[in-house]
Amino acid sequence: MAQRVIVYGGKGALGSTVVNLLKSKNYWVGSIDLAVNEQADANVIVRPELSMPEQESEVSSKVGDLLGDNKLDGILCVAGGWAGGNAKKIVEAADSMWKQSVFPSVITASLASKYLKEGGLITMPGAHPALEATPGMMGYGLAKAAVHHLTKSLAADKSGLPSNTTVVATLPVTLDTPMNRKFMSSADFTTWTPLNFVAELFDKWLQGVERPGNGSLVQFVTKDSKTEIVIA
């Protein structure tokens, strides 16, 4: 039977790459996002004007309807975004980043408690810069540090997840997306992590190959167009 996976953020640059790769390998793939991904087997649309509890209730109900009696092999949360600014702009940036990174991560945790198989995989959208101070992008760092903490907490005993679940956060520096190339056109792209690298890694982890330890913060360090994995 085909593995069943949901990609939270499945219409974004990384999410679309992950959906396409997993579909090519005969997974059943659902997408949760603000817009429909036509390549996915099923879609759940998030209404951003709703509060987190309202979003969770609506998304969880729709996922339950899609799955029926089936369970998921993985929930890959790749929802993200970016916001700059120091303390002078922290309120707006933190609000934006909380909704773009923390809401999806928290809802992913709730979905996993209900719909994930034992031994399933959860990935969370962390960020390498949030391991240190981020004075020029405080809202971003704050949200990503919260995702890192959530990952560690979900990996701990009595977290409410199915037994033998593996929860990891992915910590890229910069992903090689069309949007990043547009806004940072003079950057050194050889230090950016390719989207296909991440998608192929998720496929391996879903198959149980080289899956990191539960609670790992997995850094992607790219140099000369080659990416290494470093556990933080």
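Leaving aside neighbours within four places in sequence, T193 is in contact (heavy atoms within 4.5 Å) with T174, L175, D176, V198, F220, T222 and T227. This is a predicted model, in which local features need pLDDT of at least 70 and side-chain atom pairs count only at pLDDT 80 or more, while totals for chains, interfaces and linings use all residues. Residues are numbered from 1 along each chain as its sequence is written, and side-chain values use heavy atoms, with hydrogens and water left out.

T193 sits in the loop between α5 (178-183) and α6 (195-206); helices here are DSSP runs of H or I with at least four residues, strands are runs of E with at least two, and both are numbered from the N terminus. With 1% relative accessibility, T193 counts as buried, the cut-off being under 20% relative accessible area with a 1.4 Å probe, protein chains only. Its side chain also makes a polar contact of 2.7 Å with the side chain of T222. For such a contact, a pair of N or O atoms must lie within 3.5 Å; within protein, one must be able to donate a hydrogen and the other to accept it, and residues adjacent in sequence count only if both atoms are side-chain atoms.

Turning to the helices, α3 (residues 90-115) and α4 (residues 138-155) have axes that come within 7 Å and cross at roughly 20°. Axes are lines fitted to C-alpha atoms over the stretch in contact, and angles run from 0 to 180 degrees between N-to-C directions. The angle makes α3 roughly parallel to α4, a label for angles under 35 degrees. Residues making the contact include W98 of α3 and Y140 of α4. By class, the contact has 16 nonpolar, three polar and one charged residues; Ala, Val, Leu, Ile, Met, Phe, Trp, Tyr, Cys and Pro count as nonpolar, Asp, Glu, Lys and Arg as charged, and the others, Gly among them, as polar.

Helix α2 (residues 52-67) packs against α3 at about 40°, with the axes 10 Å apart.

As for P135, it belongs to the loop between β5 (116-125) and α4. Not counting residues up to four places away in sequence, P135 touches G85 and N86.

Key
Buried < 20%, exposed > 50% of the residue type's maximum accessible area, 1.4 Å probe, protein only. Parallel < 35°, antiparallel > 145°, perpendicular 65-115°, else oblique.
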